[in-house]
Every structure is written in structure tokens, then in C-alpha cells.
Amino acid sequence: MDKINNFYDHELDCLISAIKDGKHDYHTFTISSLNTDFPEIRTVVLRGVKLDPLSIFFNSDNRSPKIEQLKNNPICSALFYDKVRRVQLRFKAKAKIHYQNKLSSKVWDMTPLQSRKCYMGPFPPSQALDQYHPNIPLEYLKTDPEKYHSEDGYVNFAHIELVVLEVDVLKLHHDGHVRFKVTNGSDYIYLSP
Ligand SMILES: Cc1cc2nc3c(=O)[nH]c(=O)nc-3n(C[C@H](O)[C@H](O)[C@H](O)COP(=O)(O)O)c2cc1C
């Protein structure tokens, strides 16, 4: 068990590195939600990791359908795959939406102007459009917004925390795959790969 304990700790280190490293495969991940009884998945960017107990974080437009879905049913899954090291991480989690609170305000303050413009679009994400629109203010297509104007985006900004309930780790290896799950942060059990 010592070995998988170290292995798991290394994966957590990789997740932390991937927050700032856009080239790391863990920089983006897939998050599920339930649209009534239909599962929906999409790619998001990893924005934070908190340890003991483990939570992972991403940002989103508060108007996007996933927010409503996660409010209606916060139980979700998150999926990462590191192609280079051939490691898959599957998280079972409970989503908590941070909107217009201390944490979302702190994260917004650190959000660069270039990213802030994504929250300044006139339309809710995923809404049907009569004609093409990039859903960022047209005057900022090629430039960043002024700081004062970028603050308009905060009303649409949400920081989502995924409180991790269980982790399933799979390492592909030619002489025998290794798979185990972690519950309660430190209870390990091998699984058949
Ligand atoms: C590489 C990549 C990164 C993305 N990052 C995010 C993100 O961090 N947050 C987000 O809300 N959407 C992100 N998206 C867009 C979502 O995948 C999705 O299309 C959008 O959020 C609407 O999803 P929804 O209708 O399920 O709410 C990203 C898409 C790609 C391709």
C-alpha cells in the first residue's frame, strides 16, 4: 500500500503543477452533470486544487447550463488523462458554486483581463443564436478590455469547487496495469484494471 500511497501523492502534485502549466494534460479535464436524466459532459480548465480534504476548482459563466444542472444535482464526475504517463484519474465529487462570495471575488481579482472578457458576452453560453456571434464584446476581439470595463464580467463569473468523494486511479503499463481507488482521502483499495 506504501507504493500506491506514493503514487497517489505524485498524481496530486501533478494536478497542482498543471494549474499553471497549460501544456500539461491535466490542465484541462472533463466534468459531467445531469440535465434532468441526460448526462452532459464538457471540457473545462483546472484552476485550483485544495488538499486535505481534496477539492478541485474550475471557472465558468454563471449563466451556462452546467451551473443550473449542478445546482439541481451537485453529484458529478471529473475525468483527467495524462497521455504521456498514461494515467487516468476519475473523481466522484459534489459541486459547490461560489458566486458573488469571498472566494469568487478573490479568484476574479486574480483573473487576467484577457480571460475576463469571456464573462462579458451578451449571451448566456449554449444559447441558440440567429446569427454567428463570438460572445465576447466585439470591441475586444483583438484587445483586452480596460480594467474598469472588465469588472462588468464579474456578474457572470462563477468559481466551482468539486469536493472530491472518491478517486479512481488507473496507470496503464505493458507488464500489468495498476488500478486503485481512494476514499476518505487516505483509504486505498486495489481494483481490477
Ligand atoms: C479546451 C477547452 C477549455 C474550456 N474551458 C472551459 C472552462 O474552464 N469553463 C467553462 O465553463 N467552459 C469551458 N469550455 C467550454 C465548455 O466545454 C462548454 O462548451 C461550455 O462551458 C458550455 O457548457 P454547458 O452548456 O454544458 O454549460 C472549454 C472548452 C474547451 C474546448
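**Backbone and ligand shell**

D52 counts as exposed, because its C-beta atom has 7 C-beta neighbours inside 10 Å, and 12 or fewer is the cut-off for that class. Keep in mind that this is a predicted model.

Where does D52 sit? D52 lies in the loop between β3 and β4. Its phi is positive, about 45°, although D52 is not a glycine. The peptide bond from D52 to P53 is cis, with omega near 0°. P53 has its place in the loop between β3, residues 48–50, and β4. For context, most residues other than glycine have a negative phi, and most peptide bonds are trans.

On to another residue with a positive phi. Q100 is not a glycine either, and its phi is about 50°. Q100 is found in the loop between β6, which spans 87–99, and α3, which spans 102–109. Q100 counts as exposed because it has 12 C-beta neighbours inside 10 Å.

Now the ligand. How many residues surround it? There are 15, and the closest are R42, S60, S64, K66 and S126. Which element gives the most to this shell? That is β2, with five residues. At least two shell residues come from each of β2 (38–45), β4 (55–61) and α2 (65–72). By class, the shell around the ligand holds six polar, five nonpolar and four charged residues.

To recap the backbone part: D52 and P53 are joined by a cis peptide bond, and D52 has a positive phi, as does Q100.

Definitions and conventions:
Residues numbered from 1 in each chain as written. Predicted model: local features only at pLDDT ≥ 70, side-chain atom pairs only at ≥ 80, totals over all residues. Near = placed C-beta within 6 Å. Helix = DSSP H or I, 4+ residues; strand = E, 2+ residues; numbered from the N terminus. Nonpolar A, V, L, I, M, F, W, Y, C, P; charged D, E, K, R; others polar. Buried ≥ 20, exposed ≤ 12 C-beta atoms within 10 Å, placed from the backbone.
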